[in-house]
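Open the model in your viewer and keep the sequence panel beside it. This tour says what to select at each stop and what is there.

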Amino acid sequence: MFELSTHIPGPKQLHEIDLTAYDALYLGDFTCPLYPGNFSRHIDTLALGVERVKSMGKRCYLSLYAIPKDSDLVWIKELLRGAQGLPLDGVEVHNMGLLETVREILGDIPIHLGVFGNLYTHETARVLKGYGVERVFPNAELSLEELIYIRDNSPVQVVVPVHGKIPLAISGTCFVTDYTGQVPTNCEESCSQGHWLTHEDWQLKSIGRANLSGKDLCMLEYLDRLIRSDLNLFYIYTLGETGTYVETIGKIYREALHKAQSGEESCTERWLDQSRSLSQSGLCNGFYFGVSGQEYLSPHALSQTA
Amino acid sequence: MAKLMAPGGTRRMAFSVLEAGADTVYVGVRGWSRRGSDTELTDAEVRDLCAAARAQGKHVRVVLNTMPSSEEVPLLLKKVDMYAGWGVSGFMISDIGSMVQVRSHFPDITIHVSVGAGLSNALEVRFYHDLGASVVILPYRMGIEDVRAIKRSIDVSLEVFLFRTENLDGIVCPGKCTMSSYFSSNRWLDHEGKDYFYGSANRGGDCLRVCQVGWEATADEREIDGKFGLKGNPKLWLQELSDYVQAGVDYFKVPGRDRSDELVRDIVRFYRKVVDDLETFPTDEVVTQYAPELEELKKRWASERRRRDDRLVARAKA
């Protein structure tokens, strides 16, 4: 069995998007506490969100702000205290300062280390296990080989992002307000727009406090290899995407993973075309094959270079 | 009294900063620091430097702050063992697992948590201290109030950069950025089996400064006027130095392993005088006396930064 998960930042997405493709949802936008309706900022919103996710029969994780300053720790602790008793299946933490705080307030709830937790080695995974970390998103720069090494040589589960725009950088301030000089009338309006950064043929997407890859990570052609490697926790990056994107990509991967698991022939070409049609800048393999993150290698090209 | 740490990006720079008054020189070693090999020393150079520093009663810190691959951790420990044997008393490290291994194998060594760890709050400082870190290097987005708060709550030595960003962080946190390797990466193994990732500061190659190229922005097809750098550039500072001394900062760190030997030597000489004078004279007098000299150094710093960024960006585009 596998688990397919993604982040859902707020109630709007949770109510408006068809999320049947996903087995588990991380509630909250870990990049910005000011994101409109952010599940990981307001306990009332979170409580209703958790109730809805559980009623859908899915696993539900809370995702905490990735780079809290001391002043942020105050409201994060309040949020965690409010979350006591909620049927959460885990808490995603990107910041080492929050590890003990989560355990103090929520007991031995499983902790998932987020992508900005900078996990590169199995030795780090071993240390973090002692702090309650059960599952890790390795740093995006790691190759598939390194992910598998960490899985095989540490006591944690390893999540494998398979699609979407890779988080590349994060800040404590917002690109939109700081750099454009245009103070948005409200974050709702600003965050509903797509912000792109371009330099010659380079492209990045900004979601305010974080920069994402311009191209979409796509591992459709490699799912059989991932399944053969006994990887089973798959994740799709969807922060900043439209409802159509979240639904369509989720359904493609749900079906593709089922087929890969059962050894059935897949419809890779059709799925790739659908994925390309949803990507503004094309597809890439991220850092999985030891080259720069924006390249796309077909399995044929990869076997030639291997 | 706070110690002055200075960079040794080249053999010549390393020796000259000691002569200019640094208490400690920090050096990257090939493949293991967040700068490219242009500004790292060979093992033989580190050994010579250790002997010279020891003769002057000074210290050498070795920067091993890349995020290693899992399989490189034993090689990192081997390196620590060798450098410690030559008299290196402290290491700057980013990876948590490596840090714990180094502490376990070398209980008497000073471990500095590198800026590459990307700390953001006092609880995180405590986390690293509990794991055995002796010194924590604070990111330059933390201010004097953060220093005071940490010093009040945790018995840990603090190291701060002698430069700071003003107001804006930019959309890059030090130690939490992979934009450079997303656009450009080159990987090879050296004779010891060290895996180089040129294009990734995190993994042992230079950051190629793609944040500085002048990005054009659009919001839903609407262009936004201007070109934007994605990271605030820190500037050398003077005014706040006295406050940091009083707050109990243990190490002041001169940046610049990738700057010219002459500029770094002059900056170290400058801060040596300032730190010493602050012990004797009122802050206002010291600041007034040294402000013009700082302005000249800032100009040279900015000019060298532009040249460096252009050079690295050109490599990213090659």
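Start with chain B. For its 318 residues, a compact globule would have a radius of gyration near 20 Å; chain B has 19 Å, which agrees. That radius is taken over C-alpha atoms, and the globule rule is 2.2 Å times the number of residues to the power 0.38.

Before going on, note that this is a predicted model, where local features need pLDDT of at least 70, side-chain atom pairs count only at pLDDT 80 or more, and totals for chains, interfaces and linings use all residues. Residues are numbered from 1 along each chain as its sequence is written, chains are lettered from A and ligands numbered from 1 in the order in which they are written, and side-chain values use heavy atoms, leaving out hydrogens and water.

**Stop 1: all of chain B**

Show chain B as a cartoon. It has 10 helices and 15 strands. Helices (H or I, at least four residues) and strands (E, at least two) are DSSP runs, numbered from the N terminus. The C-alpha trace spans about 60 × 50 × 40 Å along its principal axes. In chain B, 63% of the residues are buried. Buried means under 20% relative accessible area, exposed over 50%, partly exposed in between (1.4 Å probe, protein chains only). Now colour by charge. Chain B carries 45 positive and 47 negative side chains, with the centres of the two sets 2 Å apart. Lys and Arg count as positive, Asp and Glu as negative; His and the chain ends are not counted. Each charge is placed at NZ of Lys, CZ of Arg, CG of Asp or CD of Glu.

**Stop 2: helix H6 of chain B**

Select residues 144-153 of chain B, which form helix H6. Which of its residues are buried? They are B:Ile144, B:Val147 and B:Ile150. These cover an arc of only 130° around the axis, so they sit on the same side of H6(B). The arc is that of the directions from the helix axis to the C-beta atoms. Contact here means heavy atoms within 4.5 Å.

**Stop 3**

Switch to chain A. Its secondary structure comes to 12 helices and 15 strands. The radius of gyration is 19 Å, close to the 19 Å that the globule rule gives for 306 residues, so chain A is as compact as a globular protein of that length. Of its residues, 61% count as buried. Chain A has 25 positive and 38 negative side chains, and the two centres lie 3 Å apart.

**Stop 4: A:Phe39**

Zoom to A:Phe39, in the loop between strand E2 (24-27) and helix H2 (43-55) of chain A. Is A:Phe39 buried or exposed? It is buried, at 1% relative accessible area. Its contacts beyond four places in sequence include A:Ile8, A:Pro11, A:Leu27 and A:Leu79.

**Stop 5: two positive phi angles**

Most residues other than glycine have a negative phi. Select A:Asn118, whose phi is near 60°. A:Asn118 lies between strand E5 (111-113) and helix H5 (122-129) of chain A and is buried, at 7%. Then pick A:Asp230, with a positive phi of about 65°. A:Asp230 is in the loop between helix H9 (223-228) and strand E14 (233-236) of chain A and is exposed, at 58%.

**Stop 6: A:Lys259**

Finish in helix H10 (residues 243-262) of chain A, at A:Lys259. At 16% relative accessibility, A:Lys259 counts as buried. Its contacts beyond four places in sequence include A:Glu264, A:Glu265 and A:Trp271.
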